[in-house]
Amino acid sequence: MSDPGRADASPWLREDPDGFLYTELEGDLTEEAARAVAAACRRVNDSGREVLMLCDGRHTGTVAASSRKALVDGLRTVRFRAIAIFGASFPVRVISTLAMKSVQILNRKAYPLEFFETKAEARAWLLAQRDAMRAGPRPVA
């Protein structure tokens, strides 16, 4: 992802300095791109780290049924912690919500998925989610 020497390194899919998987897709989500996103999520998940995604939806186009299927199938074993999407159009919000709900049903685990207008808002929310998870549950008085 962030290592340019990797065969699957991509300018639109990388790990950012805060440890988030960051996607910045321009145009339609192809089946190949869906598989790349799923593979990146599985790598982070399999390493034991938290899977937190920050997605730039400003320039995302359509998501074909074959791409949705590849994404959902590829994410079956991934345990997401949180996903923040910013700048997404209404159709992208609907498709993203449906795809991630499918993953939640397959994984039998819910996780927060939120939409934001700006990257700064999305990043701040994701950082707060990460920090709250790391702090663990608060003791009951």
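Is the crossing of H2 and H3 left-handed or right-handed? It's right-handed, and the close-ups below walk through that spot and its surroundings.

A quick word on the model comes before the views. This is a predicted model, where local features need pLDDT of at least 70 and side-chain atom pairs count only at pLDDT 80 or more, while totals for chains, interfaces and linings use all residues. Residues are numbered from 1 along each chain as its sequence is written, and side-chain values use heavy atoms, with hydrogens and water left out.

**View 1. Helices H2 and H3 cross each other.** Here H2 meets helix H3, residues 90-107; helices (H or I, at least four residues) and strands (E, at least two) are DSSP runs, numbered from the N terminus. Two packed helices are described by the angle between their axes and the distance between the axes. In this pair, the axes come within 9 Å and cross at roughly 35 degrees. Those axes are lines fitted to C-alpha atoms, for helices over the stretch in contact, and angles run from 0 to 180 degrees between N-to-C directions. The crossing is right-handed, the word used if the near helix is turned clockwise from the far one by less than a right angle, with left-handed for anticlockwise. On the H2 side, the contact is made by Arg68, Leu71 and Val72. H3 brings Ile95, Ala99, Met100, Ser102, Val103 and Leu106. Contact, by the way, means heavy atoms within 4.5 Å. Sorted by class, that's seven nonpolar, one polar and one charged residues (Ala, Val, Leu, Ile, Met, Phe, Trp, Tyr, Cys and Pro count as nonpolar, Asp, Glu, Lys and Arg as charged, and the others, Gly among them, as polar).

**View 2. Helix H3 has a buried face.** H3 runs for 18 residues and reaches 26 Å from its first C-alpha to its last, close to the 26 Å expected at 1.5 Å a residue; the expected span is 1.5 Å times one less than the number of residues. Val92, Ser96, Ala99, Met100, Val103, Gln104 and Asn107 are buried in H3, where buried means under 20% relative accessible area, exposed over 50%, and partly exposed in between (1.4 Å probe, protein chains only). Seen down the axis of H3, the buried residues fall within an arc of 145 degrees, so they line one face of the helix; the arc is that of the directions from the helix axis to the C-beta atoms. On the other side of H3, you'll find Phe90, Pro91, Leu98 and Ile105 exposed. The buried residues pack against strand E5 (60-63), H2, E6 and strand E7 (113-116). After H3 comes arginine 108, with a positive phi near 55 degrees.

**View 3. Methionine 100 and serine 96 sit in helix H3.** Methionine 100 counts as buried, at 9% relative accessibility. Leaving aside neighbours within four places in sequence, methionine 100 is in contact with Leu71, Leu75, Ile83, Tyr111 and Leu113. Tyrosine 111 is eleven residues from methionine 100 along the chain, and their C-alpha atoms are separated by 9.2 Å. Serine 96 is buried too, with a relative accessible area of 17%. Not counting residues up to four places away in sequence, serine 96 touches Ile85, Leu113 and Phe115.

**View 4. Serine 67 is a buried residue of helix H2.** Serine 67 has a relative accessible area of 2%. Leaving aside neighbours within four places in sequence, serine 67 is in contact with Leu29, Thr30, Glu31 and Ala34. What covers the buried residues of H2 includes E3, H1, E5 and H3.

**View 5. Helix H1 spans residues 31-46.** H1 has 16 residues and reaches 22 Å from its first C-alpha to its last, close to the 22 Å expected at 1.5 Å a residue. Its buried residues are Ala33, Ala34, Val37, Ala38, Ala39, Ala40, Cys41, Val44 and Asn45. Among the elements covering them are strand E1 (13-15), strand E4 (51-56) and helix H2 (65-74). Glycine 48 follows H1, and its phi is positive, near 90 degrees.
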